[in-house]
Amino acid sequence: MGETDLAAIGALLAEAARAKILLALVDGRSLPASVLASEAGVAASTASHHVARLVDAGLITVASRGRHRYYTLAGPRVAQLIEAVARVAPPQPIRSLRQGTRAHALRYARRCYDHLAGRLGVAVTDALQEHGTIVASDGVGYSVTKVGRRHSRN
């Protein structure tokens, strides 16, 4: 095996519609192609092409349920990738009321694959720390304290 090919992933993320599809899935939901097309602002046929590329690259998976196919991120490592890129990516300009409303809602509260995020996530984390329920551990995450374990049994 040679060196890591970051450009291959970069090329997938560089296409705006594919990036929007990945962002729509980052909260851990499984969505049909029709919803992903709407999220990406593209036609269903175009979305099908994009999801096929993402499936082939191993970034998303597909599961059939009856007549429908649902797409999901391929795991927490892909979610971490999207979140890492989102932290350094510039924000897009808001050009409509719908985009503004959505951006406000995402800043307030969102679920990112396996955790609560946004202002609400930060407020919940701060409150749990203030009450001694959790404590920061090694700058990587949080641990439940004895007080927190006692509260969780009640």
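Helices (H or I, at least four residues) and strands (E, at least two) are DSSP runs, numbered from the N terminus. This is a predicted model, in which local features need pLDDT of at least 70, side-chain atom pairs count only at pLDDT 80 or more, and totals for chains, interfaces and linings use all residues. Residues are numbered from 1 along each chain as its sequence is written, and side-chain values use heavy atoms, with hydrogens and water left out.

**View 1. The protein chain has eight helices and seven strands.** Of its 154 residues, 25% count as buried; buried means under 20% relative accessible area, exposed over 50%, and partly exposed in between (1.4 Å probe, protein chains only). A contact is a pair of residues with heavy atoms within 4.5 Å. Among contacts between residues at least 6 apart in sequence, 44% join residues at least 24 apart.

**View 2. Asp27 and Arg29 form a salt bridge through their side chains.** Side chains of opposite charge can pair when their charged atoms come close. A salt bridge is a side-chain nitrogen of Lys or Arg within 4 Å of a carboxyl oxygen of Asp or Glu. Here the distance from N to O is 2.7 Å, and the structure holds one salt bridge. Asp27 counts as buried because its relative accessibility is 17%, whereas Arg29, with a relative accessible area of 35%, is partly exposed.

**View 3. Arg18 is buried yet has no salt bridge.** This residue belongs to helix H2 (residues 16–25). Lys and Arg count as positive and Asp and Glu as negative, while His and the chain ends are not counted. Not counting residues up to four places away in sequence, Arg18 touches Ala11, Leu12, His50, Arg53 and Leu54.

**View 4. Thr133 sits in the loop between helix H7 (118–130) and strand S6 (134–137).** Thr133 has 17% relative accessibility and therefore counts as buried. Its contacts, leaving aside neighbours within four places in sequence, are Leu128, Ser143, Val144, Thr145 and Gly148.

**View 5. Lys146 lies in helix H8 (residues 146–153).** Lys146 counts as exposed because its relative accessibility is 66%.
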